[in-house]
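Work through the exercises below with the model open beside you. Try each task before reading its solution.

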Amino acid sequence: MKYTYLLIDFFSVLVPLLFSFHPKLKFYKSWPAFFPAVIITGLIFIGWDMYFTHLKIWGFNPVYLTKIFIGNLPIEELLFFLCIPYACVFTYQSLNLGIKKNLSKTVELLLTISLITVSAILAIVFHNRSYTTFAFAFLALLLVTSRFICRVSWLPGFYFTYLILLLPFLIVNGILTGTGLNAPVVWYNPDQMLNLRILTIPVEDVFYGMDLILLNVLIYTRLSERCYKQLKSRIKLEKIQY
């Protein structure tokens with residue numbers, strides 16, 4: 001029982017980690033871009049997590065924990081910010097290699113603007129509910145940054161990937177929030193959220209998860225591009241010297 005959350009982390013990352021060495025995927029070669037991305041993103045989300053735990057906006061059931069804590073967070077929660085992004089970024093990269101997304105630029109733009117608008121409205125209307133406000137405000141900020149400041153071209157692939165990831169998301173978050181268990185692994189203060197749930201999952205979790213993965217992908221793709229340019233320059237230099 002005390003290893004429940006730890007096992008959720010472990011099984012979430014196990015298959016993606018093993019397939020990282022598949023000769024057609026070779027995701028391990030992307031580690032120099034992935035690990036800085038997950039560390040930067042993790043620091044932001046762990047800070048957010050510690051603050052909300054301190055305010056008792058959410059918390060953790062000790063029954064399902066090994067009771068090893070760093071600050072006010074269980075070690076399992078810290079591992080969550082490594083294991084889940086690893087599985088999701090691996091999925092994003094793998095789907096990008098194998099599947100063409102036919103979402104037009106117009107549809108992507110309308111979808112992005114709609115998400116930004118709805119997120120901003122919800123953040124403002126429910127400003128007295130901390131989880132709702134932070135989850136939606138951060139999503140609006142990330143989408144504006146990605147689409148209109150960084151001008152990324154990969155948002156269709158991200159939306160497609162996140163849609164696919166909603167199934168494992170429902171399973172993992174369902175267990176964490178109490179589906180199939182006597183009590184939730186992670187509990188929430190209903191006064192700080194909309195208290196609308198998908199099974200046992202707060203609806204904010206869907207957009208919190210999008211925040212987490214979008215920031216990881218944004219940093220990961222920027223670093224991947226830089227690594228690729230450096231490698232290309234090195235190869236060109238070696239050819240000149242040869």
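Predicted model: local features only at pLDDT ≥ 70, side-chain atom pairs only at ≥ 80, totals over all residues.

Residues are numbered from 1 along each chain as its sequence is written, and side-chain values use heavy atoms, with hydrogens and water left out.

**Exercise 1.** Describe how α1 and α6 pack, and classify the residues of their contact.

Step 1. Two packed helices are described by the angle between their axes and the distance between the axes. Helices are DSSP runs of H or I with at least four residues, and strands are runs of E with at least two, numbered from the N terminus. Axes are lines fitted to C-alpha atoms, for helices over the stretch in contact, and angles run from 0 to 180 degrees between N-to-C directions.

Step 2. For α1 (residues 4-19) and α6 (residues 155-176), the angle is about 170° and the axes are 10 Å apart. The two helices are therefore roughly antiparallel (under 35 degrees is roughly parallel, over 145 roughly antiparallel, 65 to 115 roughly perpendicular, the rest oblique).

Step 3. Contact means heavy atoms within 4.5 Å. Tyr 5, Ile 8 and Ser 12 of α1 meet Val 172, Ile 175 and Leu 176 of α6. Five of these residues are nonpolar, one is polar and none is charged (Ala, Val, Leu, Ile, Met, Phe, Trp, Tyr, Cys and Pro count as nonpolar, Asp, Glu, Lys and Arg as charged, and the others, Gly among them, as polar).

**Exercise 2.** Describe how α4 and α6 pack.

Step 1. Helix α4 (residues 105-125) packs with α6 at an angle of about 65°, with the axes 10 Å apart. The pair is therefore roughly perpendicular.

Step 2. Glu 108, Leu 111, Thr 112 and Leu 115 in α4 meet Leu 155, Pro 156 and Tyr 159 in α6. By class, this contact has five nonpolar residues, one polar and one charged.

**Exercise 3.** Which helix gives the most to the lining of the largest pocket?

Step 1. Helix α6 gives the most, with 10 residues.

Step 2. The lining has 24 nonpolar, five polar and three charged residues.
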